[in-house]
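Visitor: I've got a model up on my screen and a few things I'd like to ask. Could you walk me through it?

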Amino acid sequence: MRRGAAGAAGAAFAAMVAAGAARASSGLDSPDIGVLQLGRGGAWVARADDPLAAYFNPAGLAAQRSSAHGGVHFIHQAQCFTRLGPDGRPVPPSTTTAIPAPGSQGGPDPEVCAEGGLFPNPQLAATFRVSDALAVGVAALGPHGVGARSWPESLPYTHPSFGEMTQPSPQRYLLVSLDALMLMPTLSVGFTPTEGVSIGAGFIWGAAVIDFVNFAEATSAAGGDDFNAHGDLRTRAEAEDLFVPGFVLGARWAATSHLDLGAWFKWQDAVRAKTDLTVESRYWTPAGVKNEDPCRGEAPGCNVTEERGAGELRMPIPMEAKLGLRYHRPRAFALRPAQPTAAAPRARDPMIDDLFDVELDFTWANNSAVDAIEVRFREGIPVRGTVVGTVPPNADVPHRWRDVLGVRLGGDFVVLQNLLALRAGGFFEQKGQDDADLNLDFHLGYRVGVGAGVTARIGPVDVSAAFQRTSFGALDNGGKGRIKAVSGAVPSGYRSIQSVNGGRFESSLDEFGLSGTMRF
């Protein structure tokens, strides 16, 4: 029988992509990142009036002045998971050791919550006007999400005989910690072939780095979790992919003096990451406390396996598309030249030109492309501290996502022309996953978000601030989950007998954004 673990690796890659390039309605993160976008509920594809258009609609670059943009979101994500067994009750950490189950007398609270404070998520972008009809844009941004998350490894409880103690946390097979970075540098061009029509395209050079920890089983048997009898293994995956190419296409049409249409499409190659793997066996004492001396009487490190280039991770990135309709009310006297000239190029400025605007966007993400995260390891990697233990060659993590449709509505009202604008908006996105497939790497419940913001113009600089609250519909399978932990057990197909994702997963996202845009 083989015994070993690589469970962290599959979820690790998934979390890498989630953490830290914004996508329309995909399962990888929240709607468009950016402070103006945040305050409008993401309804921005037809407006596209700041340098972040290099990623979110490069056609918008053609109607912008040369400018530079910098912004940051401060994001607080709250996530809690209540693990349940098929009987609808909390899952005890062992069936062979007398440790109280979560929710029982003396046991810990069955709801386990992620730990973490404010996560800063920055964006940089610039637009360079080449001619009256042509502009070039660059943007560097990351996913609209949190790149560092930590879940408890152990939970405190009161033992009836020994007092204050700890026991293995019930979500440990799904996620313990994540520290990830993903950047999406994008180089784009926007062109106006004829008055009122602009098109654009951009090249994405993505890069991702991940450090991820969870647990697996050395062997498996019927009866449920058993950190002692099944030999829990703490696994750490470190992976990187420094070239994840993709492209964006955009279009914008001023159909009338009051109505603009915008469209956007994104394709990106799958992330393929070489993975370094670290496995720690003999992690718990028989009492369920972290084992501080796992090599007693043996050489130090006897229980630690470190393998560079142990395997490969692959995950498709869903294609996405957006279509937007924007109604705007032009001011009677917008102080604009009748015809564009070299000194006064073809540029839009809603804070001068419009009294207000309202935009309605529809989004689509091909999430069904993510059926599973493929995680494959070399044959025969030994796991130290186990009996004839090797890492299983297949540690794929099923996700079974579904395509997602979304709708966004938002707008601006210019309180003082060329000085002050207020905005508000919201969005809704469909549920993208069956409750039985929930995992802690991504939350695919439906999403509802509401945001508001303000821009103050101080000379050539627009200073903007925004707040948004995103609520996720809970994923709840009542204990009847379908995800199994990775295991070294050959008879059970390198998976645990019991599911490890039964229960209820809840999330919410609060964020504040601040940005500045200087136009030249």
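Visitor: Which strand does Phe428 lie in?
Guide: Bear in mind that this is a predicted model. The strand to look for covers residues 420-429, and Phe428 falls in that run. So the strand that holds Phe428 is E20.

Visitor: Is Phe428 buried, partly exposed or exposed?
Guide: Its relative accessible area comes to 38%. Buried would need under 20% and exposed over 50%, so a value in between has its own label. Phe428 is therefore partly exposed.

Visitor: Phe428 is in a nonpolar patch on the surface; about how much accessible area do the patch residues have together?
Guide: The patch takes in Leu323, Leu325, Val358, Leu360, Phe362, Val407, Leu409, Phe428, Tyr446 and Val448. Strands E15 (320-330), E16 (354-365) and E19 (404-416) are the elements that give two or more residues to the patch. Together, the patch residues have an accessible area of about 790 Å².

Visitor: And which element gives the largest share of that patch?
Guide: Look at the strand that spans 354-365, one of the elements with two or more residues in the patch. With 3 residues, the largest share comes from E16.

Visitor: Where is Arg282, and what is its phi near?
Guide: Arg282 sits in the loop between strand E13 (271-280) and strand E14 (304-315). The residue is partly exposed, at 31% relative accessible area. Its phi is positive, in a residue other than glycine, and near 50°.

Visitor: What about Arg400, what is its phi near?
Guide: Arg400 is found in the loop between strand E18 (397-398) and E19. It's partly exposed, with a relative accessible area of 32%. Here too phi is positive in a residue other than glycine, near 55°.

Visitor: Is Arg40 buried or exposed?
Guide: Its place is in the loop between helix H2 (35-39) and helix H3 (53-56). Beyond its neighbours within four places in sequence, Arg40 is in contact with residues including Asp357, Glu359, Asp412 and Arg423. At 0% relative accessibility, Arg40 counts as buried.

Visitor: Which backbone oxygen does the Arg40 side chain reach?
Guide: The distance to look for is 2.9 Å. At that distance, the Arg40 side chain reaches the backbone oxygen of Ala43.

Visitor: How many residues apart in sequence are the parts that Arg83 and Asp225 tie together?
Guide: Their side chains meet in a salt bridge at 2.5 Å, N to O, and both residues are buried. Arg83 lies in strand E1 (residues 67-83), while Asp225 is in the loop between strand E10 (197-217) and strand E11 (232-254), so the pair ties together parts that are apart in sequence by 142 residues.

Visitor: Which strands do Arg326 and Asp354 link?
Guide: The two side chains form a salt bridge, 2.9 Å from N to O. The pair links distant parts of the chain, 28 residues apart. Both residues are buried, and the strands they link are E15 and E16.

Visitor: In the salt bridge between Lys431 and Asp435, which residue is buried?
Guide: Their side chains meet at 2.2 Å, N to O. Lys431 is partly exposed, with 31% relative accessible area.

How values were computed. Residues are numbered from 1 along each chain as its sequence is written. This is a predicted model: local features need pLDDT of at least 70, side-chain atom pairs count only at pLDDT 80 or more; totals for chains, interfaces and linings use all residues. Side-chain values use heavy atoms; hydrogens and water are left out. Patches are made of residues with over 30% relative accessible area and no salt bridge: like charges are joined within 9 Å, nonpolar side chains (Val, Leu, Ile, Met, Phe, Trp, Tyr) within 5 Å. Accessible areas come from the Shrake-Rupley method with a 1.4 Å probe; for residues, only the protein chains shown count as cover. A salt bridge is a side-chain nitrogen of Lys or Arg within 4 Å of a carboxyl oxygen of Asp or Glu. Helices (H or I, at least four residues) and strands (E, at least two) are DSSP runs, numbered from the N terminus. Buried means under 20% relative accessible area, exposed over 50%, partly exposed in between (1.4 Å probe, protein chains only). A polar contact is a pair of N or O atoms within 3.5 Å; within protein, one must be able to donate a hydrogen and the other to accept it, and residues adjacent in sequence count only if both atoms are side-chain atoms. Contact means heavy atoms within 4.5 Å.
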